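Here is a short report on one protein chain.

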Amino acid sequence: MSAATTRSRTPDRLCAEAVDLARAAAEEAAAPGIVGEHVGVVSEGDRVVTHFFACRELGYRGWRWAVTVARASRAKVVTVDEAVLLPGPDAVLAPEWVPWSERLRPGDMGPGDLLPTDAEDLRLEPGYSGEDEPAPDSPVSHEMADLVEAEDADVTEGPPSRLAVTPSRGSIAAVAEELGMRRARVLSRYGLHTAADRWEEAFGPKTPMAQSAPAACVSCGFLVPVGGSLGQAFGVCANEFSPADGRMVSLAYGCGGHSEAAVMPRPPQPAPPVIDETRVDPFPLRPASDSGSVPDTEDESTAELGHS
């Protein structure tokens, strides 16, 4: 270890003894009665020392007043550099700041809260493109035509539900199994109504969340439609931050997580420069001979006198 390193780690004697000077500087920066006892001294370099004093301010447990003093080479007078309040090794610190979009958790949204969605949210896509293109699974779509040609198959005249089904066996159970209807009993109209009443009571238009929502679920991009008669009044919520995530909700229900209620705008783009510094505009040093109002002609009588 070099001598310079040893000197920098050893507190200067005069600076280390200037405890009263450091305390006076700390008391001048703090409120009365806030500066506590002297808790340590640290060498910052050659003839530079930092004194630490305990902080008695409520809410700043473990913090210390740090006063740095120094003296010039061969000088006997110690001066104050700065006095600041710094956290100690056991100080109570505020948690690291996290953006709200990362702090939000499912179930945090309450009545009246509004959750904006990003304009480029990966969970959403345009509901329509404006083109009259057939659906990808349509028999007349380009994808299906290529698949038919590759598989050497024939396109049917309609969906399977409209085609005549000839059962291989003549029993009703065999036909039901072929159509995927092996259940002995299905939900009755009364069962549908009672289920709809329960769902509308939990996630319907009369709930406090729906009363304060900016829009209804019928226009939300996170709504998954359901088939059958229930699809006319209900759907499934697919927004993970909504209190109804994964639940059957009424089309008149709503919450602050509506996909179109508040869309975060894109970051502003800088305007094009007014002056294009990459282009060079030529400027003549002298005007053209034919740019004036006087014709560029001379005769012998005015050649020597010139024009006025």
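R56 forms a salt bridge with E37, and their closest N and O atoms lie 3.9 Å apart. The model is predicted. This pair links distant parts of the chain: R56 sits in the loop between β2 and β3, E37 in strand β1.

How exposed is each partner? R56 counts as exposed because its relative accessibility is 52%, over the 50% cut-off. E37, at a relative accessible area of 45%, is partly exposed.

## The other salt bridges

How many salt bridges does the structure hold? There are three. One of them joins D12 and R71, with the closest N and O atoms 2.9 Å apart. This pair, too, connects distant parts of the chain, 59 residues apart. D12 lies in the loop between α1 (3-9) and α2 (13-16). R71 lies in the loop between β3 and β4.

Are D12 and R71 buried or exposed? D12 has 12% relative accessibility, so it counts as buried. R71 is buried as well, with a relative accessible area of 19%. The cut-off for buried is under 20%.

R13 pairs with E17 in another salt bridge. Here the closest N and O atoms are 3.6 Å apart. R13 is exposed, at a relative accessible area of 55%. E17 also counts as exposed, at 52% relative accessibility.

V42 is found in strand β1. Its relative accessibility is 35%, so V42 counts as partly exposed. Which residues does V42 touch, leaving aside those up to four places away in sequence? They are V48, V49, T50 and F52. The C-alpha atoms of V42 and R9 are separated by 8.1 Å. Those two residues are 33 positions apart along the chain.

Strand β1 spans 35-45, β2 spans 48-55, and R47 lies in the loop between them. R47 is not a glycine, yet its phi is positive, at about 60°. R47 counts as partly exposed, with 30% relative accessibility.

R74 is another residue other than glycine with a positive phi, near 65°. Where is R74 placed? It belongs to the loop between β3 (63-70) and β4 (79-87). R71, the salt-bridge partner of D12, is also in the loop between β3 and β4. R74 is exposed, with a relative accessible area of 84%. R71, by contrast, is buried, at 19%.

## G235 in strand β7

G235 is placed in strand β7, which covers residues 234-237. Is G235 buried or exposed? It counts as buried, because its relative accessibility is 0%.

Beyond residues up to four places away in sequence, G235 touches L223, V224, V226, R247, M248, V249 and L251. R247 is 12 residues from G235 along the chain. The C-alpha atoms of G235 and R247 are separated by 8.3 Å.

## The cavity

The structure holds one cavity of 30 Å³ or more. The largest cavity has a volume of about 80 Å³. Rolling a probe the size of a water molecule over the atoms shows where empty space is left.

Which residues line the largest cavity? The lining consists of C217, C220, F222, L223, C237, N239, S242, A244, V249, Y253, C255 and G257. By class, nine are nonpolar, three are polar and none is charged. L223 and V249 are in this lining, and G235 touches both L223 and V249.

## The chain as a whole

The protein chain has nine helices and nine strands. Of its 308 residues, 25% count as buried. D12, R71 and G235 are among the residues that count as buried.

The protein chain exposes about 23500 Å². Carbon and sulfur atoms supply 54% of that area. What share of the contacts with a separation of 6 or more comes from residues 24 or more positions apart? In the protein chain, that share is 51%.

How values were computed. Residues numbered from 1 in each chain as written. Predicted model: local features only at pLDDT ≥ 70, side-chain atom pairs only at ≥ 80, totals over all residues. Heavy atoms only, no water. Helix = DSSP H or I, 4+ residues; strand = E, 2+ residues; numbered from the N terminus. Buried < 20%, exposed > 50% of the residue type's maximum accessible area, 1.4 Å probe, protein only. Contact = heavy atoms within 4.5 Å. Areas by Shrake-Rupley, 256 points an atom, 1.4 Å probe, with all protein chains shown as cover. 1 Å grid on protein atoms, 1.4 Å probe; cavity = no way out; pocket = protein on both sides within 12 Å on 5 of 7 lines; lining within 4 Å. Points joined across faces, edges and corners; volume = space filled by probe spheres on them. Nonpolar A, V, L, I, M, F, W, Y, C, P; charged D, E, K, R; others polar. Salt bridge = Lys/Arg side-chain N within 4 Å of Asp/Glu carboxyl O.
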